[in-house]
Amino acid sequence: WINESSDRVKTLFDEAKQLGQCVIFLDEAEHLFGARQYSGKSSHAEDRKVTSEFLAQLTREGREAIIVAATNRPGDIDPAILRPGRLAAHFEIGLPEEEARAAILRTHLSDVPSSLSNAEYAALATHTAGMTGADLANLVDEARRNAAARDARVLTRDDFPPTEDLQVIATEMEPETDDLPTVGGGDNDEEPPRDPDVAVRSKADDDGGSDDSPIGYQ
């Protein structure tokens, strides 16, 4: 709804301010921090308001909330969001390694009667390289359906795809991610340009906020 989304962003940070020290976690961050320079072609003007409101709140004085955002499309994020004082620390969370994949499979099968041995768990983990946690959850769901279809009392290794099929599936599922957008000029030490929308919104809060002030933690 027009103007409602940006108002909800402000409400979120107002509630966080009442709590004091806390963490705000934002998933699918590319939809909240959309690059404004592309908005005319790919998104609504309301999206630009949301991005600008987030910028205003990220540079708001006195903020105690730690902001953590997750995305698998970092290239779609407005570079202004990633400048120092905003979301400046970036961490890549890669695909689960073999040991982690075995643990994920065990977790999703913890409430399912199963005859899988330790060796079979290890083999499944070995041949699912490239799968995400969600892919492994789907794999287990499919195995559960296969076991239910044959009216089995326990789930077995045969309810999972054969090793050859697993390797094909894992290759096809390997996700593609892009790089973070460029946020600075490399060797150029000049200060980044100000964001006029952010400056206006920050002043409107009467808290002395500035779009260039390194405030809080990211």
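**Helix packing around α4 in a predicted model**

The buried residues of α4 pack against α5 and α6. Here, buried means under 20% relative accessible area, exposed means over 50%, and partly exposed lies in between, with a 1.4 Å probe and protein chains only; contact means heavy atoms within 4.5 Å. The model is predicted, so local features need pLDDT of at least 70 and side-chain atom pairs count only at pLDDT 80 or more, while totals for chains, interfaces and linings use all residues. Residues are numbered from 1 along each chain as its sequence is written, and side-chain values use heavy atoms, with hydrogens and water left out.

The secondary structure of the protein chain consists of 8 helices and 2 strands. Helices (H or I, at least four residues) and strands (E, at least two) are DSSP runs, numbered from the N terminus. Starting at the N terminus, the order of the elements is α-β-α-α-β-α-α-α-α-α. Of the 218 residues in the protein chain, 36% are buried. Among contacts in the protein chain with a separation of 6 or more, 76% join residues 24 or more positions apart.

The buried residues of α4 are R101, A102 and L105. Seen down the axis of α4, these residues fall within an arc of 100 degrees, so they line one face of the helix; the arc is that of the directions from the helix axis to the C-beta atoms. E99 and T107, on the other side of α4, are exposed.

Two packed helices are described by the angle between their axes and the distance between the axes. Axes are lines fitted to C-alpha atoms, for helices over the stretch in contact, and angles run from 0 to 180 degrees between N-to-C directions. Helix α4 (residues 98-108) and helix α5 (residues 118-126) have axes that come within 8 Å and cross at roughly 120 degrees. The two helices are therefore oblique to each other, given that angles under 35 degrees count as roughly parallel, over 145 as roughly antiparallel, 65 to 115 as roughly perpendicular and the rest as oblique. The crossing of α4 past α5 is right-handed; a crossing is right-handed if the near helix is turned clockwise from the far one by less than a right angle, and left-handed if anticlockwise. On the α4 side the contact is made by E98, R101, A102, L105 and R106, and on the α5 side by N118, Y121, A122, L124, A125 and T126. By class, this contact has 6 nonpolar, 2 polar and 3 charged residues, where Ala, Val, Leu, Ile, Met, Phe, Trp, Tyr, Cys and Pro count as nonpolar, Asp, Glu, Lys and Arg as charged, and the others, Gly among them, as polar. Within α5, the buried residues are Y121, L124 and A125. They cover an arc of only 100 degrees around the axis, which puts them on the same side of α5.

The axes of α4 and α6 are 10 Å apart, and the helices pack at an angle of about 45 degrees. α4 and α6 are therefore oblique to each other, and their crossing is right-handed. R101, I104, L105 and H108 of α4 make the contact with G133, L136, A137, V140 and R144 of α6. These residues divide into 5 nonpolar, 2 polar and 2 charged.

A further helix pair involves α1 (residues 4-19) and α3 (residues 45-58), which pack at an angle of about 20 degrees with their axes 8 Å apart. α1 and α3 are therefore roughly parallel to each other, and α1 passes α3 in a right-handed crossing. In this pair, E4, S5, S6, V9, K10 and F13 of α1 meet E46, K49, V50, E53, F54 and Q57 of α3. The contact of α1 with α3 has 4 nonpolar, 3 polar and 5 charged residues.

Individual loop residues were also examined. R157 is placed in the loop between α6 (133-149) and α7 (163-173) and is buried, with a relative accessible area of 16%. Leaving aside neighbours within four places in sequence, R157 is in contact with L116, E120, L124, P162, T163 and L166. R157 and S117 are 40 residues apart in sequence, and their C-alpha atoms are 8.9 Å apart.

Most residues other than glycine have a negative phi. D151, in the loop between α6 and α7, has a positive phi near 55 degrees and is exposed, with a relative accessible area of 68%. E28 has a positive phi of about 50 degrees although it is not a glycine. The loop between β1 (23-26) and α2 (39-42) holds E28, which is partly exposed at a relative accessible area of 39%.
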